[in-house]
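Subject: Structure handover

Hello,

Please find the structure below, with the sequence. My notes on what was found in it follow.

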Amino acid sequence: MERYRHLSTREYILLLLKREGELSTKDLQNRLELTKVAVSRQMIYLEKDGFVVCRVGRQKAGRPMHYYSLTQQGNEQFPNDYGQLAVDLMEHIVLADGEDRVDQFFARQQEKIIQKYEGQMEGKALSEKVAEIARIQDDNGFMARWEQVSDEEFVITQHNCPYF
């Protein structure tokens, strides 16, 4: 732990789980040089905050062992550059195959979204469909709201785009 002295115990536990994948309470005790009670207390808070998940494993003899691993939220505490990778990939596709290839990709994505949600639109009035689309977009991180401008005109406003 000498190298990571600047990290809090909580941060160091997350780092260990990121590197190792899954660790038992006993493994964490040994790595952190803490008591079982101290480790358990840290893990309770990390689990409560949604950063780790606990799995109980049986041993040949003795009490069951608790094994901890990172959740998606726990993994998100570490830097990544997925967005830039996606942009670089799109640029590569444009250079290699042209912009039409990217347009085809987005057309397929649009079709997948339509197929996923079209069942939720069946039998609904236009205003209900607009409200449902806005709700779906909001659930997907677009911070969407809608309003009816006239009898047949609606506006959906998105305040965020979760895609780069």
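Helices here are DSSP runs of H or I with at least four residues, numbered from the N terminus. Under that naming, Glu132 sits in helix H7, which covers residues 126-139. Please keep in mind that this is a predicted model.

Helix H1 takes in residues 9-20, twelve residues in total. From its first C-alpha to its last it reaches 16 Å, close to the 16 Å expected at 1.5 Å a residue. Gly21 follows H1 and has a positive phi, near 90°.

Several residues of H1 are buried: Tyr12, Ile13, Leu14, Leu15, Leu16 and Leu17. What covers them? The cover includes strand S1 (23-24), helix H2 (25-32), helix H3 (36-48), strand S2 (52-57) and strand S3 (65-70).

The largest nonpolar core has 18 residues, and the members that touch the most others are Leu17, Leu28, Met43 and Val52. At least two residues of this core come from each of H1, H2, H3 and S3. H1 gives the most, with six residues. Met43 shows how the parts meet: leaving aside neighbours within four places in sequence, Met43 is in contact with Ile13, Leu17, Leu28, Val52 and Tyr68.

Salt bridges

Side chains of opposite charge can pair when their charged atoms come close. The count for this model is eight salt bridges.

One of them joins Asp49 and Arg10, with the closest N and O atoms 2.8 Å apart. This pair links distant parts of the chain, since Asp49 is in the loop between H3 and S2 while Arg10 is in helix H1, 39 residues apart. Asp49 has 31% relative accessibility and so counts as partly exposed. Arg10 is partly exposed too, because its relative accessible area is 28%.

Another salt bridge is formed by the side chains of Asp139 and Arg135, at 2.4 Å from N to O. Both residues lie in helix H7, four residues apart, which is about one turn of the helix. Asp139 is exposed, with a relative accessible area of 52%, whereas Arg135 is partly exposed at 36%.

A further pair is Glu147 with Arg145, where the side chains meet at 3.9 Å, N to O. Glu147 has a relative accessible area of 39% and is therefore partly exposed. Arg145 also counts as partly exposed, at 44% relative accessibility. Elsewhere, salt bridges that share partners join Lys124, Glu132, Arg135 and Asp139 into one network.

Back to Glu132

Glu132 has 11% relative accessibility, so it counts as buried. Apart from neighbours within four places in sequence, Glu132 is in contact with Gln120, Met121 and Lys124.

Ile133, Trp146 and Ile156 make a nonpolar surface patch of about 230 Å². Of these residues, Ile156 is placed in strand S5, residues 154-158. Ile156 counts as partly exposed because its relative accessibility is 33%.

Regards

Key:
Residues numbered from 1 in each chain as written. Predicted model: local features only at pLDDT ≥ 70, side-chain atom pairs only at ≥ 80, totals over all residues. Heavy atoms only, no water. Patch = residues over 30% accessible without salt bridge, like charges linked within 9 Å, V, L, I, M, F, W, Y side chains within 5 Å. Areas by Shrake-Rupley, 256 points an atom, 1.4 Å probe, with all protein chains shown as cover. Salt bridge = Lys/Arg side-chain N within 4 Å of Asp/Glu carboxyl O. Buried < 20%, exposed > 50% of the residue type's maximum accessible area, 1.4 Å probe, protein only. Expected span 1.5 Å × (residues − 1). Contact = heavy atoms within 4.5 Å. Core = buried A, V, L, I, M, F, W, Y, C linked by side-chain atoms within 4.5 Å.
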